[in-house]
Amino acid sequence: MCGASAGETVIESDLNPFERILAALHEAALDPARWPGASALIDELLGTHGNTLALGDGESEEDYRTYFMWICHRGQRRRDLERLWMETHYPVDERLPRLRRLPFCRLFRIADLYTEEERKTSESYNALRTLARAGDGIDVRLDGPGGSRILWEIDDPVNGDGWSSAQRDWIRRLLPHVRQTVQVRQTLARADALGATLTEMLDATGLGIVQLDTRGRILAANDRARDLLRGGGGLCDRQGFLYARMPRDNDDLRNLLRRALPPFGARGTGGSAIVRRPGALPPLVLHVHPVDGRQSDYPLSPIGALVLIVDPAGGAVIDPAAVASALDLTAMESRVAVLLAQGMTVREIAAAAGRKESTVRSHVKHIFAKHGISRQADLVRLVRSLAGTGEARPSVRR
């Protein structure tokens, strides 16, 4: 059988298990109610009892804030366990302070996050082992949007034989896609567009939205996106196709679109990119998200992908010079602080400024030390309180 053309719909039964999971994750990013279905497919692929996805920020029990927590067992949302965990076990779980210090994208056995004595006496570990069936599960942390942290917890293997190298490899392959699901979800949530139809999303305020067909041609764009395309900044409409004005950024965008809109009916994958602009304007942040035809407002939608455009300069003016003066920061520290306050992640700031992520994190730590704070949320509030104290826009220079 020949492969489907780019404009044809691929029947879900024709997809391999990994492609089915990607399709389900694309749906879950636009509609969180679809997450249990995606979770069930992940359990089926990995041969596990369930998994938990959570997002929050903060560095300690006192200042940690959870945005959401979804516990699913074989596709069933377990709200009873979510309540039990948050109300009873979260305040006393010995694992959590250690978990917050773990490096990103590394797999850790849950049992190894408790001491030998705690595995015998800890009420939280006992609940994980018996109620959640996750005593031999795996925890992995991912860096989330706006300085937040994603926790993905994969429960015990059903066969009880421990974790094979193949299972661990599947988890690693899924990590960037799970992260992108949360990234797109939070971007839409901030624009009050989460769960909206594709047509309704075009009404999102503050967020540029471009709908592309399966060949990458612009089908529709909301007013904010059209303003950005016409404004002579980082993006443009070139004969009906979306382009970045700077060659290197355009190469990144073309690669993103090729992955999101592959030929011959293959399953697309999402991703994010930085698009720089001239002058003192901060760069745009783009999230490219494949769209399955079933997500549309009508059957066999021609929409192949959504492009979400986040403009950090769309909010209140924050002058880096004023921030540097008020908070006793260096020029680079001030620039990093302003971009964090405007919603960019450490990874995005590093890409935009041409610096290493470790360098940006070092600047953040220096700012923390100067002001006796320990989490990005406090820094963001501090910087945003200075909005309007200057006229200049923040800049990112290479």
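**Close-up 1. Helix α9 has an exposed face and a buried one.** The face of α9 turned away from its buried side carries Asp223 and Arg230, both exposed. The model shown here and in the other views is predicted. Helix α9 covers residues 223-230, and its buried residues include Ala225, Leu228 and Leu229. Seen down the helix axis, the buried residues of α9 fall within an arc of 100°, so they line one face of the helix. After α9 comes Gly232. The phi of Gly232 is positive, near 75°.

**Close-up 2. The buried residues of α9 pack against strands.** Among these strands are β7 (207-213) and β8 (218-221). The buried residues of α9 also pack against β9 (235-238) and β10 (241-244). Two further partners are β12 (284-290) and β13 (303-310).

**Close-up 3. Five strands form an open sheet.** Their order is β8-β7-β13-β12-β11, and the pairing is antiparallel. β8 and β11 (271-275) are the edge strands. Each edge strand pairs on one side only. From one strand to the next, the twist averages 20°. Strands of a sheet pair through backbone hydrogen bonds, in a parallel or an antiparallel sense.

**Close-up 4. β7 and β13 pair over seven bridges.** The sense of this pairing is antiparallel. Which residue of β13 stands opposite Ile209? Leu308 of β13 does.

**Close-up 5. Strand β5 is largely enclosed.** Six of the six residues of β5 (residues 138-143) are buried, so the rest of the structure largely encloses this strand. Both faces of β5 are covered. Ile138, Val140 and Leu142 are buried on one side. Asp139, Arg141 and Asp143 are buried on the other.

**Close-up 6. β5 pairs with β4 and with β6.** Strand β4 (residues 108-109) joins β5 over two bridges, in the antiparallel sense. Arg109 has Ile138 of β5 as its bridge partner. How many bridges join β5 to strand β6? Six do, and these two strands run antiparallel. β6 covers residues 149-154. In β6, Ile150 is the bridge partner of Leu142.

**Close-up 7. β5 and β6 form a hairpin.** Five residues lie between the two strands. In this hairpin, Gly146 takes a positive phi near 60°.

Terms used:
Residues are numbered from 1 along each chain as its sequence is written. This is a predicted model: local features need pLDDT of at least 70, side-chain atom pairs count only at pLDDT 80 or more; totals for chains, interfaces and linings use all residues. Side-chain values use heavy atoms; hydrogens and water are left out. Buried means under 20% relative accessible area, exposed over 50%, partly exposed in between (1.4 Å probe, protein chains only). Helices (H or I, at least four residues) and strands (E, at least two) are DSSP runs, numbered from the N terminus. Two strands pair if DSSP finds at least two bridges between them. The arc is that of the directions from the helix axis to the C-beta atoms. Contact means heavy atoms within 4.5 Å. Axes are lines fitted to C-alpha atoms, for helices over the stretch in contact, and angles run from 0 to 180 degrees between N-to-C directions.
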